[in-house]
Amino acid sequence: MPSEVSFASIPLDEPGSSASAARRSWREVWWGLLDQRVGIVPIPVFVVLLAVFAGAVATGSLTHEINMMIAVLAVCGFSCGELGKRLPVFRHIGAAAIFATFIPSALAYYQVLPAPMLKAVVDFTKFTNFLYLFIACIIVGSVLSMNRDALVKGFFKIFAPLASGAIAAACVGTLVGSLLGLDPKHTFFFIVVPIMSGGVGEGAIPLSMGYAEIMNGNQGEIFAQVLPMVMLGSLMAILMSGLLNFIGKRMPQLTGNGQLQPGGADFTRTTARSSGPVDANTVAAAGLFAVTLYLMGVMAQKIVGLPAPVAMLFIAVLIKVFQLASPSLEAGAGVVYKFFQVAVTYPLLFAMGVAVTPWDKLMSAFTIQNLIIIFCTVATHMSVGFIVGRMVKMYPIETAIINSCNCGQGGTGDVAILTAANRMQLMPFAQVATRIGGAITVTLSLIAMAKLM
């Protein structure tokens with residue numbers, strides 16, 4: 001009978017043996033491969049997921065179930081972002097955010113994406129509306145992580161460059177349209193105003209409804225006219241904000257790198273004042289806190305009509321001003337902010353590009369006249385913000401970027417603009433520019449049209 005083999009009798013590799021070195025070698029190669037990533041996705045995981053997607057499409061099992069959608073949006077969103085980051089020159093002026101937003105729009109329009117994947121992404125995006133979860137966590141996290149005094153001063157001062165920029169942009173855009181041979185009223189109401197209306201949901205839709213009522217026209221046809229201007233204005237703002245980020249690296253005296261004004265960090269982690277390291281319970285509590293504030297904003301919208309993100313923003317500011325959140329909760333909110341900035345931005349942009357960014361509408365607005373007017377409008381808005389921001393002792397690049405958000409495609413535009421500018425911590429001020437600035441623009445333009453038409 002053969003004797004039993006004792007594991008204890010098997011000689012182990014000595015630390016310096018060739019077998020041990022080989023074993024370390026292949027493990028280190030594998031670990032190194034896992035550390036190579038497309039965005040946040042390790043390359044081996046990326047390859048496996050591509051195979052899973054192909055199998056799911058082939059077998060008809062690709063649905064908008066959350067696990068599948070997390071994987072799809074992560075792979076596709078970070079792939080588009082990585083392509084933009086590798087473009088010479090353009091990677092410095094926001095190509096990653098532009099690619100992550102507009103490549104999926106083109107892929108959807110030209111039916112390059114498999115039909116089951118396209119349907120699943122659209123259904124998931126529209127059903128979950130996770131854009132607002134992203135905005136809630138970014139706003140609450142950035143507000144609670146700001147320096148309190150800088151936040152208060154910044155909110156009062158930001159209206160000066162924002163208002164002056166909007167007035168100047170309206171005048172210059174209309175004048176340029178007139179010089180190009182367009183009717184001034186058409187230029188103002190159908191090109192300039194939509195750019196600064198605050199996006200689609202709170203901008204182009206109510207604007208087209210108001211125009212249709214005043215002009216006794218068809219709301220759908222008017223919406224089709226103003227929507228491309230919103231999208232092109234947002235694209236121009238993304239490009240120019242990326243360019244400002246590039247300029248800021250070359251001329252650091254013009255920027256606070258996300259800090260709105262000198263004399264105090266606008267975005268300061270509060271971890272040092274908390275009772276200890278930020279644990280998982282605190283991070284989870286901060287995430288739920290952000291969701292709670294958003295739901296309070298939704299209720300405020302039902303009661304007073306203020307857009308939910310704006311109401312949430314004001315509530316978060318009041319909590320910060322009166323120091324109603326504990327230092328540990330503020331620290332947890334900072335971690336939540338950072339997680340969503342790093343892990344969710346590009347997947348979100350991909351989803352928005354597929355679901356709510358019509359490629360054909362964007363392309364229909366690509367005329368020389370429109371491009372010149374839109375460029376002059378956005379450039380004036382940002383330039384005046386730059387100059388006035390410097391006059392009121394704020395960092396001019398930051399104020400110009402905030403002004404550009406008034407020309408963005410709503411919340412999606414804010415995300416893309418601030419991603420291109422690498423200044424996501426400015427989201428609270430961007431929301432002021434987009435939501436409040438857009439609402440004021442829509443209201444005043446409808447009053448003006450009623451008087452002039």
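The side chains of K119 and D123 come together in a salt bridge with an N to O distance of 2.7 Å, a salt bridge being a side-chain nitrogen of Lys or Arg within 4 Å of a carboxyl oxygen of Asp or Glu. This is a predicted model, in which local features need pLDDT of at least 70 and side-chain atom pairs count only at pLDDT 80 or more, while totals for chains, interfaces and linings use all residues. Residues are numbered from 1 along each chain as its sequence is written, and side-chain values use heavy atoms, with hydrogens and water left out.

K119 and D123 both belong to helix α5 (residues 115–128), where they sit 4 residues apart, about one turn of the helix; helices are DSSP runs of H or I with at least four residues, numbered from the N terminus. An α-helix has 3.6 residues a turn, so residues three or four places apart point the same way. K119 counts as exposed at 54% relative accessibility, and D123 as partly exposed at 25% (buried is under 20% relative accessible area, exposed over 50%, partly exposed in between, with a 1.4 Å probe and protein chains only).

In helix α3, E82 and K85 are 3 residues apart, about one helical turn, and their side chains form a salt bridge at 4.0 Å, N to O. E82 is buried at 14%, whereas K85 is partly exposed at 38%, and together with R86 they are linked in a network of salt bridges. Because 14 of its 20 residues are buried, α3 is largely enclosed by the rest of the structure.

K320 forms a salt bridge with E330, their closest N and O atoms being 3.3 Å apart. K320 lies in helix α13 (residues 308–321) and E330 in helix α14 (residues 327–343), so the pair ties together parts that are 10 residues apart in sequence.

Note on methods:
Helices (H or I, at least four residues) and strands (E, at least two) are DSSP runs, numbered from the N terminus.
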